[in-house]
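Dear colleague,

Please find below the structure that I am handing over to you. I would be grateful if you could look through it alongside the notes that come after it.

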Amino acid sequence: MTLKAKLIASIGSSGTIPVSDYMTACLFDREFGYYQRRDAIGAQGAFTTAPEISQMFGELIGIFLVNSWREQGSPRRFTLAELGPGRATMMDDILRVAGRFESFLSAAELIMVEQSPALRDVQRQKLSGHHPQWIDTLDMLPEQPLFLVANEFFDALPIRQFRRRRCSWKEIHVAADGDALEFQEVDSEGDSALRQRHSDTRPGDIVEIRHAAIPLLEQISSRIRQFGGVALLSDYGGERSWGDTLQAVSNHHPVHPLAEPGESDISAHVDFGALRNAVGDGVSTALLPQGVWLEGMGLVERARILAERLEGEALRQHIAAQRRLTHPAEMGELYKVLLIRPSHAPLPPGFEN
Ligand code: SAH
């Protein structure tokens, strides 16, 4: 049995499922979901991510967190949280840097949000010295300042896709045709989030909506508003959703999103405008391209220091990693970092002009 066969059997010949249900099955089906694997991410997995490319990424986020914590008066107890930590490489790099600031570490309560049991297990092993806890939903976050990070988490949350007609919308679903899966447009009532999209789209355009992200943003901002702290959400995407961005990656190469469910990673661009709209009063947001933010945080200097100890192939890889993280033609421009902070707090490092 494969996930494809399982989906074809459950969809049947007359049914269809929204793209969101298809994504959820691809990533989290209990038998065949892609994130049931321990080796889903990194060089061995289908795709790699910024913290897996270079230790510099997590280190600079660590420096960012320690600085933001100090600027907010070094609260004596706070939550250090990560959404979707994957192999926990980034948190490991953050904690190594933070280890130089003993008062930060001893004030931190480490909390992870991770849906995959296999990846929770990897995280437990990697961070065993730091006693992390896992929570299932963000309403379980303690009532204290929240310093939260997430990298390539929101792109994995399910999206629904709508195609505009002249005055109405069709929803794009997944249907079964024999032993293949295919996209099919079905009648739809639309969605309240589409109402503002009549002014900036034309008939035929696709708009993607990620409902699951909104309550998460509301909860994160509500903690930050009430208790202080900061959130740094890095991901790929833009200021608004426009066009079909559903993509699957297998063995570091793009594949058709319906070709091998469960065998490949599946994700879609993050609509940062929708995330920013969800934060409410009392907190402010800022959005920067990843390359600009990393260089503002001192990546070039850190890369130079690390390079001094390297030679040959290791040096070549280090230089390639720096380029990959920051160059506009690689991850520097498409990837963004979204900051959420209390409106009265100073702009943290990397965001000041
Ligand atoms: N942050 C890591 C991993 C990115 S992959 C890195 O940059 O390498 C996405 C991660 O988010 C995985 O750990 C996946 O299991 C987790 N994830 C995706 N959707 C989730 C959800 N709804 N709830 C909790 N974790 C989720």
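The notes below cover the ligand site and then the salt bridges.

Please bear in mind that this is a predicted model. The ligand sits in the largest pocket. Around the ligand there are 18 residues, and the closest of them are T49, G84, E114, Q115 and N151. Sorted by class, this shell comprises nine nonpolar, six polar and three charged residues.

T49 places a polar side-chain atom 2.6 Å from an oxygen atom of the ligand. Q115 also uses a polar side-chain atom, which lies 3.0 Å from a nitrogen atom of the ligand. At N151, by contrast, a backbone N or O atom is involved, at 2.7 Å from a nitrogen atom of the ligand. Of the 570 Å² of accessible area that the ligand has on its own, the protein covers 93%.

Turning to the salt bridges, the structure holds 22. One of them pairs R302 with E59, with 2.7 Å between the closest N and O atoms. This pair links distant parts of the chain: R302 belongs to helix α11 (residues 299–307) and E59 to helix α4 (residues 55–71), and the two are 243 residues apart.

With kind regards

Conventions: Residues numbered from 1 in each chain as written. Predicted model: local features only at pLDDT ≥ 70, side-chain atom pairs only at ≥ 80, totals over all residues. Heavy atoms only, no water. Near = heavy atom within 4 Å. Polar contact = N/O pair within 3.5 Å; in protein donor to acceptor, adjacent residues only side chain to side chain. Areas by Shrake-Rupley, 256 points an atom, 1.4 Å probe, with all protein chains shown as cover. 1 Å grid on protein atoms, 1.4 Å probe; cavity = no way out; pocket = protein on both sides within 12 Å on 5 of 7 lines; lining within 4 Å. Sits in = over half its atoms within 2 Å of the grid points. Nonpolar A, V, L, I, M, F, W, Y, C, P; charged D, E, K, R; others polar. Salt bridge = Lys/Arg side-chain N within 4 Å of Asp/Glu carboxyl O. Helix = DSSP H or I, 4+ residues; strand = E, 2+ residues; numbered from the N terminus.
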